[in-house]
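Thank you all for coming; I would like to take a few minutes on one strand and its partners, and then turn to the ligand. Please have a look at the model before I start.

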Amino acid sequence: MTTGSTAIELAGVSKWYGRLPSGHSALDSIDLSVEAGSVFGMIGPNGAGKTTTMRLLLDIIRPSAGSIRVLGSEPKSGGPELRRRIGYLPGELRLEGRVTGRSLLQHYARISGPVAPGAIDGLAERLGVELDRPVRTLSKGNKQKLGLVQAFMHRPPLLVLDEPTSGLDPLVQREFLAMVREARDAGQTVFLSSHILSEIQQVADSVAILRAGRIVTVSSVEGLRQSAVRRVRAGFADATPGAVEVALAGIPNLSDLVVKVSGRAAGGVTDITATVGGDIDAFVKAIAAFTIVDLAIEEPDLEESVLKMYGAEARAER
Ligand SMILES: Nc1ncnc2c1ncn2[C@@H]1O[C@H](COP(=O)(O)OP(=O)(O)OP(=O)(O)O)[C@@H](O)[C@H]1O
């Protein structure tokens with residue numbers, strides 16, 4: 001793995017469609033840096049700007065403002081030389097015609113540069129796609145698999161994959177994630193987008209959350225987990241509800257507190273449920289003052305945290 005170098009660098013990149021900056025802005029001053037040899041995921045709801053970002057990297061469209069570097073070159077001056085070093089899976093893959101998957105891939109291989117003998121068949125077998133059928137007769141998922149073979153087959157230093165798992169069944173998705181990990185282990189950089197956090201969180205080293213053309217946050221998956229919201233539940237044998245409320249009152253990241261008494265009046269248990277955002281330490285230390293008879297701290301729900309971040313950003317815009 002090439003550490004320290006940067007595979008993708010975006011500085012102040014904006015893209016608006018139409019001529020004026022006041023026109024519809026698909027990207028609004030994005031800064032992004034992707035370390036070479038890492039897997040970087042971009043997630044965001046429909047229309048967030050994921051496809052726009054990827055097309056800028058491939059010089060399919062050009063930025064309205066800001067600068068972009070991909071593998072050390074500007075996309076607009078990198079030409080075919082740079083293009084060959086990128087394996088690209090477009091978001092809307094159209095494969096039509098009588099040509100077979102094999103001939104189509106061989107055609108792409110002539111453009112992309114050397115493909116190791118057996119690489120096409122090996123990838124097709126892993127993903128489970130037939131190469132000798134006319135592409136127009138393939139299902140959406142099987143076309144997507146051909147697109148993936150095309151992106152991976154020449155082992156490019158950079159893979160740019162727009163919604164790579166869309167249309168794939170769960171077993172094939174798992175195979176794809178294994179291919180991504182292997183690519184990283186071989187020193188390749190993988191930049192992929194999704195609107196589903198769970199699949200990105202399985203492979204990505206870092207995640208950028210995009211919403212309405214802006215980056216809400218860039219974080220490691222571990223960082224995301226640490227800042228995520230967790231549900232907690234506890235039961236105390238020797239505490240009144242009032243005492244528990246007082247003990248927990250000063251914890252800034254604790255919310256949705258519900259305190260109840262269960263069991264018989266004498267010797268009853270005070271139960272609480274709450275949510276803790278991020279660091280769990282203050283909560284654990286506060287309850288340690290009581291006799292704990294029940295304690296559950298759920299795995300953080302990253303999906304929920306991310307949705308909260310979308311919401312927070314939407315509120316900040318108003
Ligand atoms: N050619 C275009 N002309 C005008 N607006 C466009 C054009 N292409 C994209 N947009 C707008 O730019 C914004 C970002 O779109 P983009 O396709 O990058 O989003 P996305 O995050 O990939 O979404 P999805 O998950 O739906 O694919 C959207 O509001 C979209 O309507």
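I will begin with the strand and finish with the residues around the ligand.

What we have here is a predicted model, in which local features need pLDDT of at least 70 and side-chain atom pairs count only at pLDDT 80 or more, while totals for chains, interfaces and linings use all residues. Residues are numbered from 1 along each chain as its sequence is written.

Helices (H or I, at least four residues) and strands (E, at least two) are DSSP runs, numbered from the N terminus. Strand E8, residues 206–211, has six of its six residues buried, where buried means that 20 or more other C-beta atoms, placed from the backbone, lie within 10 Å of the residue's own. Ser206, Ala208 and Leu210 cover one side, and Val207, Ile209 and Arg211, on the other, are buried too.

Which strands pair with E8, taking a pair to need at least two DSSP bridges? Strand E3, residues 39–43, runs parallel to E8 over four bridges, with isoleucine 43 opposite isoleucine 209. Strand E9, residues 214–220, pairs with E8 in the antiparallel sense over six bridges, and there isoleucine 209 stands opposite threonine 217. In the hairpin of E8 and E9, which has two residues between the strands, alanine 212 takes a positive phi near 50°.

Turning to the ligand, 13 residues surround it, the closest being Tyr17, Ala26, Asn46, Thr51 and Thr52, with a residue counted when its C-beta atom, placed from the backbone, lies within 6 Å. Strand E2 (24–35) and helix H1 (50–57) each give two or more residues to this shell, and H1 gives the most, with three.

Terms used: A residue is buried if 20 or more other C-beta atoms lie within 10 Å of its own, exposed if 12 or fewer, and partly exposed in between; C-beta atoms are placed from the backbone. Two strands pair if DSSP finds at least two bridges between them.
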